[in-house]
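Please look through the sequence and the structure shown below before reading the report that follows.

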Amino acid sequence: MPAPKQTTRRSLLVTSAVLSSLALAAPAAVAAPKPSDSPSASASPSATPPASMSSVGGARLGKPGTQVNLASGVPVLPKDVSARSWIVADAESGDVLAAHNAHWRLAPASTLKMLFADTLLPKFPSDTKHKVVPADLAGIGAGSSMVGIKEEETYTVHDLWLGVFLRSGNDAVHVLSAMNQGVENTVKEMNEHAEELQALDTHVVSPDGYDAEGQVSSAYDLTLFARSGMQKKDFREYASTVSAKFPGQTKKGKKGKKVRESFEIQNTNRLLAGDTDVPVYQGIAGVKNGNTTNAGATFTGVAERGGKVLLVTVMNPEKPEHNEVYKETARLFDWGFKAAGKVQPVGELVPPKGAEQAKPGANPSGEAGGSGDGGSGTAGTGSKPVASAPAADGSSGIGTALGITGGVLVLLAGGAFLVNRRWPLPDLVRRRTRP
């Protein structure tokens, strides 16, 4: 696409995004029925998507099947993608480059933790300490992923978020929920935040994403959660951390003194940390994976190449191959980077309801809590980040900023929501793939 047309189209998209945030008098026109209206929403999902789904983001996104505008010069979509639902989007402009059953309500598994983090991260300073009591760990589902939190031990909020992002620890989620006036209140706030983000396919029952009656989301909504979360500096830092030290249990040492050692935890996002059959994906910077009996494997990732930042969400691949969700995500990323700038979008990622246009010179830092001071920058402390280049704040490159392009700055819940602007992602250019 010639540059002038691309500039014009992006400007129109930004204008449309701002206008759409103001035109919310009749949300029922684009929203599908609430999960409670559909008794089968929480059961094992049908192999066939609904004939009618939400049209948030564009009419084509509400249609079943694959939506893409193939034309001369546009690469063909990979054929070996078996996921029931997926989406490829430009994280900055909000363009949806291609999608497959984007609004199909399915069980989200631990990808729902992106909404949990986006809702709670602004609430507690990272150095806040909390001593865990038995009630904090009540109600955790059998077989849950755990980071290894122990009763009567004290943890910082920073420790707890490392447990959430790296090990998908349901125990860390429940402790943070307890700090937030309990699971019930946290679920309420998550549902309210999902509605604010126009993630109308989502209904939260359990804050950790554990299978629960009526708990659903969609590839479209999960992508909205990732886009909103990645506006926040500390969210980006936690999501891009490969490994870190986590506090262990206090024990008596050889001389009778109490000793508390730490152990290493590694991110379970295989495109970030790698595995025997999955190399580290070039340019990857997060975000979150999940896997439960009902949901199957789910994953939302963000990656940057050549100045493009893409978001890909994949839900429930039907192929039984090991790490299939990551393999299919990588194929869709590959396609997206080749197609970006060539393919006409089939829809858009909408801005939050309460988005308000601000002056172009406003602070674009986007850290949780909107402090405007660059955030705590603590997620990289004692941890191995994606980035390798050192940053001015000593966080091993986590805070290294890419350039910021023109766009519209909008405000959200005391933080900053950036439309058509580049996030300060980690320095990904020098990231090496595994041999």
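Predicted model: local features only at pLDDT ≥ 70, side-chain atom pairs only at ≥ 80, totals over all residues.

Residues are numbered from 1 along each chain as its sequence is written, and side-chain values use heavy atoms, with hydrogens and water left out.

Helix α2 covers residues 113-120 and helix α4 covers residues 170-179, and the two pack at an angle of about 30 degrees with their axes 12 Å apart; α2 and α4 are therefore roughly parallel to each other. Angles under 35 degrees count as roughly parallel, over 145 as roughly antiparallel, 65 to 115 as roughly perpendicular, and the rest as oblique. On the α2 side K113, F116 and L120 meet N170, V173, L176 and S177 of α4, where contact means heavy atoms within 4.5 Å. By class, this contact of α2 with α4 has 4 nonpolar, 2 polar and 1 charged residues (Ala, Val, Leu, Ile, Met, Phe, Trp, Tyr, Cys and Pro count as nonpolar, Asp, Glu, Lys and Arg as charged, and the others, Gly among them, as polar).

## Helices α2 and α3

The axes of α2 and helix α3, which spans residues 157-167, come within 11 Å and cross at roughly 155 degrees, and that makes α2 roughly antiparallel to α3. The crossing of α2 and α3 is left-handed, and its contact is made by K113, F116, A117 and L120 of α2 together with W161, V164 and F165 of α3. By class, the contact of α2 with α3 has 6 nonpolar, no polar and 1 charged residues.

## Helices α2 and α5

With helix α5, residues 183-196, α2 packs at an angle of about 95 degrees, the axes being 9 Å apart, and α2 and α5 are therefore roughly perpendicular to each other. From α2 the contact takes L115, F116, D118, T119 and L120, and from α5 it takes T186, E189, M190, H193 and A194. By class, the contact of α2 with α5 has 5 nonpolar, 3 polar and 2 charged residues.

Methods:
Axes fitted to C-alpha atoms, helices over the stretch in contact; angles between N-to-C directions. Helix = DSSP H or I, 4+ residues; strand = E, 2+ residues; numbered from the N terminus. Left-handed = near helix turned anticlockwise from the far one by under 90°.
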